[in-house]
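The report that follows is meant to be read with the sequence and the model side by side. Please keep both in view while going through the sections.

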Amino acid sequence: MLLSKGTKVRLIHSNDEGIVMKLLDNGMVRVLLKDGGMEIPVFPDALEAIYDSQKTKAKVVPGKQKKVPTSPAPAQINAQYTILKSKGIQLAFDPVFQGDDIPEKYQIYLINDTNSDVIYQVSLKIAGEQALKETGKLNKVSMIQIGDIYYDELNDSPTFDLDFRRITTDGTGAQHLKTLKIKAKQFFRNVETAPIINRKVHVYKVFENLKAQRKDQQGEDLKTYTQKNSQPLVKKKTSSGTKWVPDVKAKAEFKSELDLHIDALLDDHELLNKGEILQIQIKAFEKYIEEALKLGVDRVFIIHGVGAGKLKNIIATKLIQMRFINTFKNEYHPKYGYGATEVLFD
């Protein structure tokens, strides 16, 4: 945990409690003891920070930050903004102050100052525990707030796993992955005026662009490997003898659509709860995609309906994570309306 002015602390060796009053130039801190009202200088290694009834070894970080004006932002902003030189996809931390010079927390923003809409998945772990997971669409030249991180959590090894894909006229582009580990000392130095937000915040550049790699620069992908090694085979007599060849008949008979409505998957489903139904639907989807991959199918349709969109969003999340999926899209179709996602393997 971080140690700053106003932090409640406990002396390790005596169990006396107090409050940090000042950060001294010699690396020590001045602590006002709870019992007796005496102020004493103490090395940080001899202190434990008291935070939400938990103790942790204290560490000194800059206790003051220059205030910058903040204002609440809507969920997503499309700015009247001209891109002179795009900085790409960025992760920004906007401080929220609690009345003094110490931020209470930081609002986390994703910034996209490119000319392309993107699909994103962001996961945050703090002290090894999952603290945030968000998936969605970020429009071109816009920003979106995805969560908060508290000031005291900056020293708990916050780690972001980021997954971005550009949305093109053909669907989704190549997958771009990055792991970003936040270090407290570096964090306080990464201050600049962020595009679209237009004020000084803590900024990390994630991806300068989301251009796809050339295919000849990539190794054999999972799809190619799976098709080469897992395609159903049948015996066929040839002039040189009997050989195993790909089962063309199985591919020809494979249905290019999967209906995930529970009454299309099971006859007897009245006693199932929503959670059980969802698990059956997800397993059916995963098995279907695996079979399509083995057969070398070009494209399929996953029928999930419209409803509240929960099943559609889960499917989109899983498709983003499947590296052998080229593109997928959920747009109006004459046959399915908006109730199906088209998946393209090539």
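## The start of helix H5

At the start of H5, a side-chain oxygen of Asn 273 comes to within 3.1 Å of the backbone nitrogen of Gly 275, a polar contact in the sense of a pair of N or O atoms within 3.5 Å, where, within protein, one atom must be able to donate a hydrogen and the other to accept it, and where residues adjacent in sequence count only if both atoms are side-chain atoms. Helices (H or I, at least four residues) and strands (E, at least two) are DSSP runs, numbered from the N terminus.

This is a predicted model, in which local features need pLDDT of at least 70 and side-chain atom pairs count only at pLDDT 80 or more, while totals for chains, interfaces and linings use all residues. Residues are numbered from 1 along each chain as its sequence is written, and side-chain values use heavy atoms, with hydrogens and water left out.

## Along helix H5

Helix H5 covers residues 274–295, and its 22 residues should span 32 Å at 1.5 Å a residue, which agrees with the 32 Å between its end C-alpha atoms; the expected span is 1.5 Å times one less than the number of residues. After H5 comes Gly 296, whose phi is positive, near 75°.

Which residues of H5 are buried? They are Ile 277, Leu 278, Gln 281, Ile 282, Phe 285, Tyr 288, Ile 289, Ala 292, Leu 293 and Leu 295, where buried means under 20% relative accessible area, exposed over 50%, and partly exposed in between (1.4 Å probe, protein chains only). An α-helix has 3.6 residues a turn, so residues three or four places apart point the same way. On the other side of H5, Lys 283 and Lys 287 are exposed.

Glu 291 also lies in helix H5, and with a relative accessible area of 34% Glu 291 is partly exposed. Although Glu 291 and Phe 254 are 37 residues apart along the chain, their C-alpha atoms are separated by 8.9 Å.

## Helix H6

Helix H6 is made of 12 residues, 310–321, which should span 16 Å at 1.5 Å a residue; its end C-alpha atoms are 17 Å apart, which agrees. The buried residues of H6 are Leu 311, Ile 315, Thr 317, Leu 319 and Ile 320.

## Strand E10 and its two partners

Strand E10 (residues 89–97) is mostly covered, since eight of its nine residues are buried. Nine bridges join E10 to strand E11 (residues 103–112), and the two run antiparallel; strands count as paired if DSSP finds at least two bridges between them. Within this pairing, Val 96 has Lys 105 of E11 as its bridge partner.

E10 is also joined to strand E18 (residues 200–207), here by five bridges and again in an antiparallel arrangement. In E18, Lys 205 stands opposite Gln 90.

Eight of the nine residues of E12 are buried, so E12 is largely enclosed by the rest of the structure. E12 and E13 pair in the antiparallel sense over nine bridges, and Lys 125 has Gln 130 of E13 as its bridge partner. The hairpin has two residues between the strands, and there Ala 127 takes a positive phi near 55°, although Ala 127 is not a glycine.

Is Ala 127 buried or exposed? At 52% relative accessibility, Ala 127 counts as exposed. Val 141, which sits in the loop between E13 and strand E14 (142–150), has a positive phi of about 50° although it is not a glycine, and at 9% relative accessibility Val 141 counts as buried.

## The chain as a whole and its confidence

There are six helices and 24 strands in the chain, and of its 346 residues 41% count as buried. Residues 24 or more positions apart account for 61% of the contacts with a separation of 6 or more, a contact being heavy atoms within 4.5 Å.

The mean pLDDT of the chain is 77, and 74% of its residues reach 70 or more; pLDDT is the predictor's confidence in each residue, from 0 to 100. Over residues 52–60 pLDDT stays under 50, and the model has 24 contacts beyond four places in sequence for them. Over residues 213–231 pLDDT also stays under 50, with 19 such contacts beyond four places in sequence. Where pLDDT is low, the predicted coordinates should not be read in detail.
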